[in-house]
Amino acid sequence: MAKARRIVVKVGSSSLTTAAGGLDADRVDALVDVLAAVRGEYTDQGTGVAGKEVVLVSSGAIAAGLAPLGLTRRPKDLARQQAAASVGQGLLVARYTASFARYGVRVGQVLLTTDDTSRRAHYRNAYRTLDQLLGMGAVPVVNENDTVATDEIRFGDNDRLAALVAHLVRADLLVLLSDVDGLYDGDPSSPGTTRIAEVRGPADLAGVSIGSTGKAGLGTGGMVTKVEAARIAAAAGVPVVLTSASHAADGLAGRDTGTYFHSTGRRSAGRLLWLAHASTPQGSLTLDDGAVRAVVERRTSLLPAGIASVEGEFSAGDPVELRDGAGRAIARGLVNFDAREMPQLLGRSTHELARELGPAYEREVVHRDDLVVLHP
């Protein structure tokens, strides 16, 4: 942990704002003090470049916009959430800009949606932008694009976003900060509960009751989303520290605080992690038994001949689920045809389709490079 060079830090709304909404300048400054100190702790002896690289995934845009808009609590309807995000995002970045400026550090705002990072070209652009900002000594401040997002606000959370960003930038460590100082084997406020210091795999969490809401009620996540984010990152080869914002310095220094999730897997092709965990399928393709075996066991592309039926309204490039005959989702991929084109393709070979419809139809429905298996 202490040797990690590139670190992604995620902070929740409740750690940055007041209970009534609006940014708490003292809390923001306290976090920035820790991050600025971390950036100065490492010197590359080969290049002489000082400082660790930090990517900050920050919630708080919607919460920051509540008070300025006269809202007393987080609205439930999407339109007002987006309005609050529009006002709050500017305030949030301005606060970070001013706070980091005390140390002569620049910040860069990066707003992402799942579409930006599951499609091949968009994924490369996102990586290049973040990598360039880090290379120029800036701190990227990442958030979901809540002003225009729909599913991101309703179902997403910045804990999961942080796990995916950690994989995107090839981070050495992910630190999840909240208002709780780690994962406990029960309600932290109840007597007799114990902090879980380390998690080496799913078996360590068997029987553990995980709460679903935070104390302040300003964010969308809770301990459930943090544990799920830790699982995603750890499975992708990125270790995770879960602790409170007040213990951020200890967590980043590798001292005994919070909960440490050991990495459990290896890094995979980058954007496939986004495809598996962050995309929203726009339809589904049901495969015959032979196609299921080809996709799952041999990791081949999906051809029209192996598709039995199609559901949903989607366009070329959209994510779709691949299902077996029992309706179980076995994979997810980016489809190469519109839904309206699919009925004429089902069960037919690419050579036959090319002769009848033209050479543009002699291709995969889902290419293996755009496909991730969910259930081997």
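This is a predicted model: local features need pLDDT of at least 70, side-chain atom pairs count only at pLDDT 80 or more; totals for chains, interfaces and linings use all residues.
**Buried residues and nonpolar cores**

At 1% relative accessibility, Leu 66 counts as buried, because buried means under 20% relative accessible area. As general background, nonpolar side chains in soluble globular proteins tend to be buried together.

**Leu 66 and its place in the chain**
- Leu 66 belongs to helix α2, which covers residues 61-66.
- Although Leu 66 and Arg 80 are 14 residues apart along the chain, their C-alpha atoms are separated by 9.6 Å.

**The nonpolar cores**
- The largest nonpolar core contains 45 residues, and those with the most contacts inside it are Val 8, Val 142, Val 165 and Leu 174.
- Several elements each supply at least two residues of this core, including the strands β2 (53-58), β3 (107-112) and β5 (173-178) and the helices α5 (120-135) and α7 (158-168).
- The element that gives the most to this core is α7, with seven residues.
- Leaving aside residues up to four places away in sequence, Val 165 touches Val 8, Val 55, Val 57, Leu 112, Val 142 and Trp 274.
- Another core, of 26 residues, lies apart from the largest one, and among its members are Ile 7, Leu 16, Val 32 and Val 175.

**Helix α11**
- In helix α11, which covers residues 289-296, the residues Ala 291, Val 292, Ala 294, Val 295 and Val 296 are buried.
- These buried residues of α11 pack against the strands β9 (283-287), β11 (319-323), β12 (329-334) and β13 (371-373).
- At the start of α11, a side-chain oxygen of Asp 288 comes to within 3.2 Å of the backbone nitrogen of Gly 290.

Terms used
Residues are numbered from 1 along each chain as its sequence is written. Side-chain values use heavy atoms; hydrogens and water are left out. Helices (H or I, at least four residues) and strands (E, at least two) are DSSP runs, numbered from the N terminus. Buried means under 20% relative accessible area, exposed over 50%, partly exposed in between (1.4 Å probe, protein chains only). A nonpolar core is a set of buried Ala, Val, Leu, Ile, Met, Phe, Trp, Tyr and Cys residues joined through side-chain atoms within 4.5 Å. Contact means heavy atoms within 4.5 Å. A polar contact is a pair of N or O atoms within 3.5 Å; within protein, one must be able to donate a hydrogen and the other to accept it, and residues adjacent in sequence count only if both atoms are side-chain atoms.
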